[in-house]
Amino acid sequence: MADLQPAPGTEPGTAGAGGREKLLGWATGDGPMAVRARVVLLAEEGVRDAEIARRLGISRQTVGTWRHRWQSAGLPGLEQRPRTGRPATVDEAEVVTRALLAPGGSGAGRAIARELGLSHATVAAIRRRWRLTAEAGPGPVVPTVPPLPGPDVWVLGLYADAGRAVLLAGTRQSAAAAAAPAATVIGEDVLAGLGRALDALRPPGSAAARDHPAPDGLTGFLAAAAEHHPDIALHAVTLWDDGDARPPAAAWDGGPSVHLLPARSSWRGFLRAMVALDSTSHPESSRRVYLDLIAALQQAEGPVGWLRESVAGHLRTPRGAVPEGGTAGAAAHPPSSSGVNQIDLGSFNECVVIESVRLSGTITRGEIAHRTGLTQQSVSRIARSLLDRGILVEDAQRRATSGKPRTPVRLCGTAAHALGLHIDPEVLTAVVIDLDGAIVCTCTRPVSADIDPGEFVAQVVALGQEALEKARGAVREDGFLGIGVAVPGPVDIASGTVLDPPLMSAWNDLPLLYLLQDHFPCPVIIEKDSLAAAAGERWIGRDRRARDFAYLYLGTGVGSGLYLNGDLYRGVSANAGEFGQLCAIALGRVGEDGRPEVLPECNPPVSVPDFAARRGLTAAGAAGGSTAAYRAVGRAAAAGDPAAAGALREVAGAIGRGALGLVDLLDIDLIVLGGPFFTDDAAPFYLEEIGRVVNDFPQARRLRQVEVEPAVLSAEAAAVGAASTIFHATFTPRLRGRDRP
């Protein structure tokens with residue numbers, strides 16, 4: 001081969017004067033050519049392959065490869081890549097991203113190597129360098145220049161303009177929690193979207209950036225960041241800088257430390273790796289956080305300075321870590337796990353047996369075997385175990401026509417308890433329920449929508465503690481499973497953050513889950529209120545709710561909770577059931593920009609009194625949009641007032657059109673109505689009008705009859721449902737993990 005011919009005047013396998021000088025020059029440098037030159041020089045000295053490999057820290061195969069290439073082709077042979085198909089450069093950060101987001105297991109590293117065209121040894125070395133493996137030491141370590149201090153790394157902000165981009169990271173010195181991806185994993189769509197959004201801000205070439213104005217925007221951004229995140233060390237990592245407009249050193253005094261990208265990482269790969277590291281270490285760093293960043297970049301018409309919400313509430317001793325001055329096993333905060341297992345259920349089959357007993361009320365072992373398909377021996381063994389642990393109890397024996405009497409079993413209501421909290425713009429509700437769904441105690445407290453978030457959390461905590469104190473005598477210490485919290489949507493379940501609750505603007509982006517965990521040493525689950533109500537209806541409704549249904553929750557707004565295929569349907573972000581826009585689309589009510597309107601009909605306590613007043617209702621107390629006015633209209637309608645009845649039917653008709661969409665889309669035959677504004681006086685009007693719409697207009701009306709029924713619970717539906725989500729997470733049989741974003 002022509003390109004492998006030795007240099008003129010140099011025989012293959014001999015260095016010669018000029019060749020040796022070149023080899024010595026390579027050997028004193030760094031990189032792959034240095035290794036190849038050292039192999040040849042040591043071989044020329046007569047050092048054996050095994051000793052060369054030991055001295056240089058490479059494999060004997062590598063030594064043999066370059067020695068043979070030198071002997072056959074001389075200097076040109078050393079300039080060839082050892083294997084075709086390998087990338088010329090390795091983006092270490094991209095390897096880190098794949099390693100963090102790939103499924104675990106011994107084959108993960110080899111899979112990454114195959115995908116990126118690298119050797120397994122290269123991937124393993126990068127993982128060790130970033131300390132992504134336990135044997136590499138405490139980590140991870142981000143090898144910027146200089147390295148980021150501390151293993152617990154957060155992405156806190158991003159500044160970008162036409163000439164530069166700076167990533168703001170935060171660190172603390174304590175060991176990071178074990179990296180465990182949240183239920184909603186940061187996917188390639190988010191990572192790619194970030195890269196595209198930043199590319200759009202960066203014009204082709206760097207000519208525009210050379211004349212970029214002084215970096216006042218960046219200096220102001222860093223000052224705002226220091227004020228916004230005062231409780232964590234800040235670090236500014238330059239992703240790119242196309243000009244010479246770095247801020248003066250004085251602008252950084254007292255602010256974030258300055259870092260450059262790792263030597264073997266591109267800015268795009270580094271950004272992806274930091275997002276992956278943050279999201280897999282901190283459940284609160286969910287898709288929502290980075291989708292907000294992408295939206296800020298896409299909507300920008302100039303420089304972008306994005307800061308995420310404060311993470312001060314999340315900077316606690318990591319789960320499983322030992323607090324300073326503490327002892328092992330004394331972690332400050334137990335996990336808010338997606339399953340709560342103080343009552344240890346040994347198998348999927350145990351959950352199947354419990355579900356069968358729960359739906360039936362009382363049932364014999366033979367009937368359990370018949371319904372579940374388990375063998376009689378398996379059912380007897382499982383029942384015996386559940387009886388020993390107090391989860392089941394035996395009822396009086398039943399006489400049989402033949403053989404010995406049968407002894408039915410039922411759930412022991414006192415075997416487990418849970419606390420449910422419902423957050424509403426007007427009232428906070430706390431209930432403690434037992435395993436049968438019976439309410440042990442109820443506490444309520446009025447609240448105003450403009451209350452300070454800190455005071456609001458204090459009131460929620462005080463109400464929960466009051467309910468637990470009232471129920472103390474009835475609740476076994478080892479049988480209290482946890483706390484469920486029902487909140488208005490939308491809610492970021494992964495981070496436990498209430499985002500934009502209607503009529504509660506003061507509580508936007510409130511990290512409620514983590515604030516509550518500071519006060520309650522038990523598992524805490526946050527659920528959207530309509531989904532919580534559906535979970536409660538399923539749990540307490542037993543066999544009456546043992547099929548697919550949609551729950552319409554009439555509160556301050558109308559939401560829906562879906563129970564499909566034996567489980568709650570939460571959707572990708574756990575915000576399934578936003579019902580108002582469905583009604584608007586069904587009624588054709590959209591704005592000029594195509595956005596569905598916010599329907600007044602989907603806020604019953606406001607719309608019903610307003611519609612009644614327009615129709616001429618003058619009943620006492622029926623004026624204005626309030627709970628009292630709504631109840632007054634309901635009483636008037638029940639007494640036969642046509643204006644009040646017409647207002648309720650008008651609202652029910654709009655809700656019915658949305659319910660019709662659910663019936664046609666999901667092919668369900670049960671709609672359940674509940675919530676605080678599904679009152680006894682108003683219920684007949686909702687049931688009649690919605691029942692008429694969902695049965696008269698569906699496409700498949702000849703094939704099914706849709707039942708519209710009142711909920712088993714109404715006034716405390718969301719609070720009881722919130723508590724029952726704890727039971728649902730513990731006892732409902734599943735073959736896969738609980739889908740919690």
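Ala 574 is buried, with a relative accessible area of 0%. Buried here means under 20% relative accessible area; exposed means over 50%, and partly exposed is in between, using a 1.4 Å probe and protein chains only. Ala 574 also has a positive phi, near 65°, and it is not a glycine. Where does Ala 574 lie? It lies in the loop between strand E18 (567-569) and helix H20 (580-586). Helices (H or I, at least four residues) and strands (E, at least two) are DSSP runs, numbered from the N terminus.

A word on the source. This is a predicted model, where local features need pLDDT of at least 70 and side-chain atom pairs count only at pLDDT 80 or more, while totals for chains, interfaces and linings use all residues. Residues are numbered from 1 along each chain as its sequence is written, and side-chain values use heavy atoms, with hydrogens and water left out.

Next, the loop between H8 and E1. Arg 131 is found there. Its phi is positive too, about 55°, although Arg 131 is not a glycine. Is Arg 131 buried or partly exposed? At 35% relative accessibility, Arg 131 counts as partly exposed. Pro 146 is in the loop between helix H8 (120-129) and strand E1 (152-160) as well. A cis peptide bond joins Val 145 to Pro 146, with omega about -5°. For background, most residues other than glycine have a negative phi, and most peptide bonds are trans.

Now the helix pairs. Two packed helices are described by the angle between their axes and the distance between the axes. Axes are lines fitted to C-alpha atoms, for helices over the stretch in contact, and angles run from 0 to 180 degrees between N-to-C directions.

Take helix H15 (residues 365-372) and helix H16 (residues 376-388). Their axes come within 9 Å and cross at roughly 120°. That makes H15 oblique to H16. Angles under 35 degrees count as roughly parallel, over 145 as roughly antiparallel, 65 to 115 as roughly perpendicular, and the rest as oblique.
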